[in-house]
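Subject: Structure handover and notes

Hello,

Please find the structure below, with its sequence. My notes come after it.

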Amino acid sequence: HRSEEGESVLEQPLPERISFVRGFLQKHCKHKSAAENLVPAQKLLEGEELALAKVAVLLLYHTSMSCKSPGDWNEFDYKTQVELASILKFVLDNEESLNENLETFLQRKAPLPSSSASSSSSEEHSPLLSLPQKREVRFLELQKIASSSSSSANNMLPGPLSSPMGDIMQTPQFQLRRLKKQLAVERENRDELEVELAENRKLITEKEAQITMMQQRIDRLALLNEKQAADQLEPKEMEELREKNESLMVRLHEAFKQCQDLKTEKGQMDRKISQLSEENGDLSFKLREIASHLVQLQEALNELSEEHNAALAQSQEKQGQLESELRAALQEKKCSEEKIEILQGKISLLEDQLAKLGDCSAQEKGEVMGDILKLEELKQEVSSLTAKGAELQAAVLQLEEEKQLREAALQSERGRFEEEKQQLGSLVASLQSSLSESHRAREKLEQDLQAQEAEAEG
């Protein structure tokens, strides 16, 4: 992060840089045992690739927990975010067994890509660990890190690529881990404040003891003054004694005033510590409630996702069936219309022939009676085909209406799913706001303690 401390370390030799990184991990990471056992200094000095990879994993975990804006990860390309999110997901799932599983995870080979989509991976090392690269460490491809709705979105119209790191940082698992870490930091800061308060109380006790001793000395001097006055001491000795007495009185008043100020500040600090303890207690209770609620919401979200996916598959299957039936009905309708046109042509031809034979003899009319019956049959067939075409038209309209209803139901289901996700995000944002308020209160209390300490030293 380009801090002054980090920049100054870059100018030191390699052993000092490695010592700085290991100390940083042991101080700031939750996995302190992992930082001590998994990244031995000797292997880092030798440039072992696996040890460097372990350092990278722990630093990635710390950075993601400290990140305030998930959008900062968008400076990486999509494939790099997929690999980073895969590593972060592994650490979250294996927090209690990181020592046993991290090395196996890093040494595991990723599936070989096809020749048409082959790609090579490269790693960019930090200047703190700029050592020769011995061998390539491949990370597992992330199979599923976005919200459960992303699987259904792949079947719809294509849209912009999502942010894998942003998606995993919005999951309840990651948010709960971050909240627990922030609460632990708050507790550590409170413990440090209590230690400083105890030191201030000790300083007040020492000041009160000094005041008591000075008061005793003044009392003794006062008695001596009275005795010397009674013995009619020389004026010069009396003047010296009076000056000493006045000097001691001034110092006594100053010490007494300082003690009173310290007591006042001590009372204020006690009240602030109590207030902070109450806030931390409320925050802990709220965190437990939110954690329980997050688990319930995650379960509900998973069930909703399963129902959504099942409904989507069923709807797609039904839609395919409807489209197939619609195509068949349209084809049959087209065939019927062609037959009607052919039959109507025949009917027109026969009607023209019958009109020409209207003036013929009865014998000739008898001969064409068969054509007339044939004509009647054609008219009946046309009527039948016309009725069948009307039925097919009604079936086509029904199929179209059913298709539109299913599409509307799917859209409603997607809206409900997105609303559930937004509610979960709002809940997490609310808890983060509460933590920020507690953090600001703790910083103000720290500043007050520092000011008090500076005055005490002065």
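What follows is a summary of what was found, by topic.

Ground rules

This is a predicted model, so to speak of local features a pLDDT of at least 70 was needed and side-chain atom pairs were counted only at pLDDT 80 or more, while totals for chains, interfaces and linings use all residues. Residues are numbered from 1 along each chain as its sequence is written, and side-chain values use heavy atoms, with hydrogens and water left out.

Overall make-up

The protein has 13 helices and zero strands; helices (H or I, at least four residues) and strands (E, at least two) are DSSP runs, numbered from the N terminus. From that end on, the elements run α-α-α-α-α-α-α-α-α-α-α-α-α. Of the 458 residues, 32% count as buried. Buried here means under 20% relative accessible area, exposed means over 50%, and partly exposed is in between, with a 1.4 Å probe and protein chains only.

An unreviewed UniProt entry places the feature "coiled-coil region" at residues 176–210 and 238–402. UniProt positions are given in the numbering used here, feature names are shortened, and annotations may be inferred rather than shown by experiment. In the model, the span 176–210 is 100% helix and 0% strand, and its end C-alpha atoms lie 51 Å apart.

Helix α10 covers residues 172–230, and R217 lies in it. At 42% relative accessibility, R217 counts as partly exposed. R217 and L248 are 31 residues apart in sequence, and their C-alpha atoms are 8.6 Å apart in space. L203 also has its place in helix α10, and with 23% relative accessibility L203 counts as partly exposed. From L203 to C259 there are 56 residues along the chain, with 9.5 Å between the C-alpha atoms.

Q260 lies in helix α11. Its relative accessible area is 32%, so Q260 is partly exposed. Q260 and E208 are 52 residues apart along the chain, and their C-alpha atoms are separated by 9.7 Å.

Cavity

How many cavities of 30 Å³ or more does a search of the whole structure find? The search finds one. A cavity is a set of points, on a 1 Å grid over the protein atoms alone, where a 1.4 Å probe fits but cannot get out; lining residues have an atom within 4 Å of a point. Grid points are joined across faces, edges and corners, and a volume is the space filled by probe spheres set on the points.

About 40 Å³ of space lies in the largest cavity. Its lining is made of L297, A300, L301, E420 and L424. The elements that give two or more residues to this lining are α11 (235–356) and α13 (369–457), and α11 gives the most, with three residues. By type, the lining residues divide into four nonpolar, no polar and one charged.

Aromatic pairs

Rings of Phe, Tyr and Trp (its six-membered ring) pair if their centres lie within 6.5 Å; planes under 30 degrees apart count as stacked, over 60 as edge-to-face and the rest as tilted. By this rule the count comes to two aromatic pairs. One of them is F90 with F105: the ring centres are 4.0 Å apart and the planes are at 10°, so the pair is stacked. F90 lies in helix α6 (residues 78–93) and F105 in helix α7 (residues 98–107), so the pair ties together parts that are 15 residues apart in sequence. Both F90 and F105 are buried.

Helix α7 is also the place of Q107. Q107 is partly exposed, with a relative accessible area of 43%. Between Q107 and L50 there are 57 residues in sequence and 7.9 Å in space, C-alpha to C-alpha.

Cysteines

A search of the whole structure finds zero disulfides, a disulfide being a pair of cysteine sulfur atoms within 2.5 Å. C67 counts as buried at 10% relative accessibility, whereas C335, at 35%, counts as partly exposed.

Regards

Note on methods: 1 Å grid on protein atoms, 1.4 Å probe; cavity = no way out; pocket = protein on both sides within 12 Å on 5 of 7 lines; lining within 4 Å. Nonpolar A, V, L, I, M, F, W, Y, C, P; charged D, E, K, R; others polar.
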